[in-house]
Structures are given as C-alpha cells and as structure tokens.
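Subject: Structure handover and findings

Hello,

Here is the structure for your files, with my notes below it. Please read them alongside the model.

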Amino acid sequence: MSLSDPFVIGSGLPVPPPLWPRATSPSRIDTDADAIRVAQTLAAHLKQNAAAREQSDHFPLEELNQYSSSGLWGITVPRSHGGAGVSYATLGTVVQTIAAADGALAQIAQNHWAAVAVIASCGTENQKEELFGLILGSPALFVMMFLVMLAGGHEP
C-alpha cells in the first residue's frame, strides 16, 4: 500500500488519500532526553496558533506534518524494534508538554501511543516488525491505516 492508493471505508467506496500526510522521513529520537527536547521545541511552535485553530475548526495539517517529521510518533516503539523505547515518565512529560501547547494534537498522539502499546504487548513478532517499521519509517501512514480500521474500513 502506498500513500497514493485509495483507502476503502465502510461502504466499500474508495476514498482518495487526504492532503495529510506528506511523504517526509521523520527525525530519529534515540533517548528520553531527545524526546523531551523535541517535544519542547515543537510545543513552542504549536502554541503560537493553537487557540486560533480551535476557534476556527481548522484542521491542523501543517502541525501534523511537523509532528510527523519530529520523530515523536516512534518514541514508545521498543528499542528492540528500533524505537527509543522511552519510559512512561518521559511519555508523560511529552504528553503534558504537547497538551499544554495544543490539546487537540495531544489527543491524536495519545490514541496513537495506545495503539503502539497494544502492538507491543499483543502483537506477533511479524506484526511488530511490520507495524513498528511503518511507525518509524512512515508514521503518518500508520496513523491513517489505524484511523481507517477504526472507521470500519479495510485496505484495498
């Protein structure tokens, strides 16, 4: 599946991919300290326009692209699968930092991290290899696939 392939949702009708995500490679975060530093840097930017976005119901396209490029999607992927495997204390700090700047974006990320935890605890080794690879290499594609599954759709 590539970003140019249509998703199939619910009724079976193809839905063209959204403008998000852009095809960019995420930065790599290797340590807890890196995760906190990146979250603080991103939060400083997110905070600038968060209130205006909330009031206008503006979809945070650019902010999601920045978040995807930051490497934060992969911070809870276990080290054994190439991620940072940050501690829960660090994850809490990252969530608090992002949420203080942009609550909506923090909620999207929270759902993602819950999915990563399920994969880490219940996934087969093949599933972990494939899905963690997506999260680290093309995190926005993983998020879109997760949303499609939640909506009752399936891949083409």
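Residues 24 or more positions apart account for 68% of the contacts in the chain with a separation of 6 or more, a contact being heavy atoms within 4.5 Å. This is a predicted model, in which local features need pLDDT of at least 70 and side-chain atom pairs count only at pLDDT 80 or more, while totals for chains, interfaces and linings use all residues. Residues are numbered from 1 along each chain as its sequence is written, and side-chain values use heavy atoms, with hydrogens and water left out.

Overall make-up

The chain has seven helices and two strands; these are DSSP runs, helices being H or I of at least four residues and strands E of at least two, numbered from the N terminus. From the N terminus on, the order is β-β-α-α-α-α-α-α-α. Of the 156 residues, 38% count as buried, meaning under 20% relative accessible area, with exposed over 50% and partly exposed in between (1.4 Å probe, protein chains only).

Cores

A nonpolar core here is a set of buried Ala, Val, Leu, Ile, Met, Phe, Trp, Tyr and Cys residues joined through side-chain atoms within 4.5 Å. The largest one has 22 residues, and those touching the most other members are Ile-29, Tyr-67, Leu-72, Ile-75, Val-94, Ile-98 and Trp-113. At least two residues each come from α1 (32–47), α3 (61–70), α4 (88–101) and α5 (103–122). The most are given by α1, with six. Apart from this core lies another, of five residues, including Val-77, Val-116, Ile-119 and Phe-132. In soluble globular proteins, nonpolar side chains tend to be buried together.

Not counting residues up to four places away in sequence, Val-94 touches Ala-35, Ile-36, Ala-39, Leu-72, Ile-75 and Trp-113.

Trp-113 is in helix α5 and, at 6% relative accessibility, counts as buried. With neighbours within four places in sequence left aside, Trp-113 is in contact with Tyr-67, Leu-72, Trp-73, Ile-75, Thr-76, Leu-91, Val-94 and Val-95. Leu-72 is 41 residues from Trp-113 along the chain, and their C-alpha atoms are separated by 9.9 Å.

Ile-98, in helix α4, is buried at 2% relative accessibility. Leaving aside neighbours within four places in sequence, its contacts are Ala-39, Leu-42, Ala-43, Leu-46, Tyr-67, Leu-72, Gly-103 and Ala-106. Ile-98 and Ala-43 are 55 residues apart in sequence but 5.4 Å apart in space, C-alpha to C-alpha.

Helix packing

Axes are lines fitted to C-alpha atoms, for helices over the stretch in contact, and angles run from 0 to 180 degrees between N-to-C directions. Angles under 35 degrees count as roughly parallel, over 145 as roughly antiparallel, 65 to 115 as roughly perpendicular and the rest as oblique. A crossing is left-handed if the near helix is turned anticlockwise from the far one by less than a right angle, and right-handed if clockwise. For residue classes, Ala, Val, Leu, Ile, Met, Phe, Trp, Tyr, Cys and Pro are nonpolar, Asp, Glu, Lys and Arg charged, and the others, Gly among them, polar.

- α1 and α3: the axes are 11 Å apart at an angle of about 170°, so the pair is roughly antiparallel. Val-38, Leu-42, His-45 and Leu-46 of α1 meet Glu-63, Gln-66, Tyr-67 and Ser-70 of α3. By class, these are four nonpolar, three polar and one charged.
- α3 and α5: the axes come within 11 Å and cross at roughly 45°, so the two are oblique. The crossing is right-handed. Glu-63, Leu-64 and Tyr-67 of α3 make the contact with Leu-105, Ile-108, Ala-109 and Trp-113 of α5, giving six nonpolar, no polar and one charged residues.
- α5 and α6 (residues 125–137): the axes come within 10 Å and cross at roughly 155°, so they are roughly antiparallel. This crossing is left-handed. His-112, Val-116, Ile-119 and Ala-120 of α5 contact Lys-128, Leu-131, Phe-132 and Ile-135 of α6.

Glu-63 lies in helix α3 and counts as buried, at 8% relative accessibility. Beyond neighbours within four places in sequence, Glu-63 is in contact with Leu-46, Arg-53 and Leu-105.

Regards
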